[in-house]
Structure formats: C-alpha cells, structure tokens
Amino acid sequence: MTTMQETNAILPARAAPERAAPALTPALTGLLAAGAGLSVASLYYSQPILGSLGADMGASPGALALVPTLTQLGYALGLLLLAPLGDRFDRRHLILGKTSALAAALLVAAGAPTIGVLQVAGLAIGVAATMAQDIVPAAASLAPEARRGKVVGTVMTGLLLGILLSRVVSGFVAEHFHWRAMFVAAAASVAAIGVTVWARLPASAPTTRLGYGRLLGSLAALWRRHPALRRATLAQGLLCVGFSAFWSTLAVMLHAAPFHLGSTAAGAFGLAGAAGALAAPIAGKLADRRGPEPVTRIGAGVAVAAFVAMTAGPLLSPPGQLILLALGALGFDLGVQATSIAHQTIVYGIDPGARSRLNAVLLSGMFLGMAAGAALGGVLLAAWGWQGVTGLGAVAGLGALAVRLWPARR
C-alpha cells in the first residue's frame, strides 16, 4: 500500500503548489547554461579522438567503441541513482560534490595507461557528469511558469552547445597537442564552473522527505502515474539512438577511405550541429506560445528527413558526401534538440515537487538510447557501412514520430 509520504511525492502539480522562487536574472541563467554545457561536454570529448587514441594505445575498434558506450551508460546510471536526490537535498551541495568527482575522473582519463583504465574512467565521467541534470531542474524551478519554456530552452542551449562544440574543441586539441591534454583542460574547466555555480545559485529547499530507497521507488510510481512522462521518454530515447549512432561513428568513418581525415575534421562537424542547437530557445518560446506537442512532432519529422537524406551519401562524390553530412548534422540536431526542449517542458509541468525525479526518468531514457546508438552504430558501420548508421537513425526517428502522433490517453 502506498504511504502518505509516497503519495505526496507523486501527486500532480495542482496538489503541490510551487513556492515563490528567487528572481532568475539573465546573468544567472547564462551561468547555469555554461555550467550545464561544460559538465555534459565531458561525455563527448572522447568521440572525435577515438582514431588517434586507438593508434596511441593499440586498441581494437571494439575496445574503442566501449569508451563512449560506457560513458553513456554511466550517465544513465547516474541519472537513475543520483539525479532524484535533487528533490531531497539542496542542489548546490549536489553540484559541488559531482564537480569534484567529475574533475577527478577526467584527470584519471588523462593519465590512463591502458584502454581498460580509460573505459573505467569513462564510466565514472558519465556518472559524475549528471551535475548538468541538477542544473536544468534548478533553472526550471527558479523560472516563472509563463517563461519556463524559454528559460529551459536557454539553459539547454548551453547544454547542447557543450555537447556539440566539445567535439570541435576535442578534435582540435587532440590533433595540435595531445588527446590527454583535452582531459586535463576539461577537468580544469569543470572545476572552475562548478564552484562558480555553487557560489551563485540560490539554496533550494527539499520538496520531499522520502528516504533514498523510497525516493528511487517513487520513480516507478511516477512512470506508472503519468502517460505524458512515458511518451516523452520513449520518443526522445528513440531520437537519441540515431543521434548517438551518428556522432559515435563519424570519426571512424571519416578516418577511413575515401576521406582519410583526422580528429580536427571530425570535430568540425560539431559546428553544423551547434547551429541547429541554437534553435533551442526558439523551440522553447514556441512551446510556451503554442504548446509543446506540435514542437515534438515537427522536431521528430525534421530529424527523420535529415537521416533519410544522408542515406544517399555513398552515391555522391567525396566532397558531395561531406556537404551532405554537414547539412544532415544541422538538420537532425535541430530536430532532436527542439524535440528535447518540448519534452522537458511537458515533463517539468507534470509535478513541480518531483522535477528532479521526472527529469531523471526522461534523461535516463535518453541516455539509454544514446548508449544503444553508440553500440549499434559501431556494429552497423562494420556490417553495412555508413548507410547502416543513417538507416538506423531514420528508423528510430520514425518510431519517435509515431509515438508523438499516436493519440494521447485522455
């Protein structure tokens, strides 16, 4: 039988009105966006440098593929086990603790003597990088309801630019200095921004008194209670399969014939994706004005169209393929990120007292999709080439669109 504490933890928003929040200034919003971006960027520094990293360590393609896969799995694990604590404790303290752990894990990666140590460090990086998902709910809680979509969109722009520009920076640093230097620089940046966010962010009062075991148990209760949470998680997770398959295999594909391109070139494709991510605040405003549901459908449709177009890449000349890749990265990143903003707007409106837990469920689904995409992308690239990877993205995107078009249960 559900206890009164558990019931209070999963009641809808009308039963748990929000407390008055401190003013969210543009400066604080920008700081939170930077903190989210720099922390989540740690998940992706390894992707464009896998070619040079493998040559340096003499690692096999399978062992290399485990680095991003374990990092994404670590992030999903951290979301499930740690992100719900944001409803139980002051998020400032959680951010400080995760900052310390993330900086330490990045330094271990920088000094890793073997691929096995780097894989373990990648898992730890994924777990600790969930500080980004303490920052996003904090911004949502501080924002007034009428501006929540815009604020979440702004912070998510920082997060998404961190994801995409991390590849650009990592590829450049690895090619002109060394891949180990990238992890050292990442540790320093995370430590600096984490401490600054901790110092500037207002204290947050707990919204539940559930113990840790019951707090985790309430995730299942929230999943059962809210169909909107289930639809958002499934649709965004499917979109992330294609997203991760593309970015985790791009460097390996470009390193081989007919391109023979290095880490800098692979990372530079992140600029195309970053241009798509800049549309995140627009998606947030549209979600505020028109509702998030149309944004989810438009975003999923754009992502599908981009992946379908890229399946024609092998029919073009190498320069034509590179242009198509850049346009495809712009298109599907725009679609995936717009849909992500709309899904978070939906989820954050379900129950203000459970935002960290709702976010944990949504993001766990997303990063399980990321891990599946990284694993499947490597297999499909080896078996069917680049068309296998883009085909996976198209099929997964169609699945997400079908979820959003399916009539919601009233």
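Predicted model: local features only at pLDDT ≥ 70, side-chain atom pairs only at ≥ 80, totals over all residues.
Residues are numbered from 1 along each chain as its sequence is written, and side-chain values use heavy atoms, with hydrogens and water left out.

Back to the pair: α15 covers residues 318-348 and α16 covers 355-384, and their axes come within 9 Å, crossing at roughly 145° (axes are lines fitted to C-alpha atoms, for helices over the stretch in contact, with angles from 0 to 180 degrees between N-to-C directions). On the α15 side, S340, H343, Q344, V347 and Y348 meet R355, L358, N359, L362, L363 and M366 of α16. By class that contact has 6 nonpolar, 4 polar and 1 charged residues (Ala, Val, Leu, Ile, Met, Phe, Trp, Tyr, Cys and Pro are nonpolar; Asp, Glu, Lys and Arg charged; the others, Gly among them, polar).

## The whole chain

The chain has 17 helices and 0 strands (DSSP runs numbered from the N terminus: H or I, at least four residues, for helices; E, at least two, for strands). Of its 410 residues, 56% are buried (under 20% relative accessible area; exposed is over 50%, partly exposed in between; 1.4 Å probe, protein chains only). Among contacts with a separation of 6 or more, 86% link residues 24 or more positions apart (contact: heavy atoms within 4.5 Å).

α14 (residues 292-310) packs on α15 at about 160°, with the axes 8 Å apart. The two helices are therefore roughly antiparallel (over 145 degrees; under 35 is roughly parallel, 65 to 115 roughly perpendicular, the rest oblique). Their crossing is left-handed, and the contact residues split into 17 nonpolar, 8 polar and no charged.

α10 (212-225) and α11 (227-255) pack at about 95°, with axes 5 Å apart. That makes α10 roughly perpendicular to α11. L222, W223, R224 and R225 of α10 make the contact with P227, L229, R230 and T233 of α11. Here the tally is 4 nonpolar, 1 polar and 3 charged.

α6 (115-128) has 14 residues and reaches 20 Å from first C-alpha to last, close to the 20 Å expected at 1.5 Å a residue (that is, 1.5 Å times one less than the number of residues). Its buried residues are I115, L118, Q119, A121, G122, I125, G126 and A128. Their cover includes α3 (50-57), α4 (61-81), α5 (91-110) and α9 (179-200).

For α7 (132-142), 10 of the 11 residues are buried, so this helix is largely enclosed by the rest of the structure. The buried ones are A132, Q133, D134, I135, V136, P137, A138, A139, A140 and L142.

T71 is found in α4 and is buried, at 3% relative accessible area. Neighbours within four places in sequence aside, T71 contacts L43, G122, L123, I125 and G126.

A396 lies in α17 (386-405) and counts as buried at 8% relative accessibility. A396 and L238 sit 158 residues apart in sequence, yet 5.2 Å apart in space, C-alpha to C-alpha. Not counting residues up to four places away, A396 touches L238, V241 and G242.

Conventions. Left-handed = near helix turned anticlockwise from the far one by under 90°.
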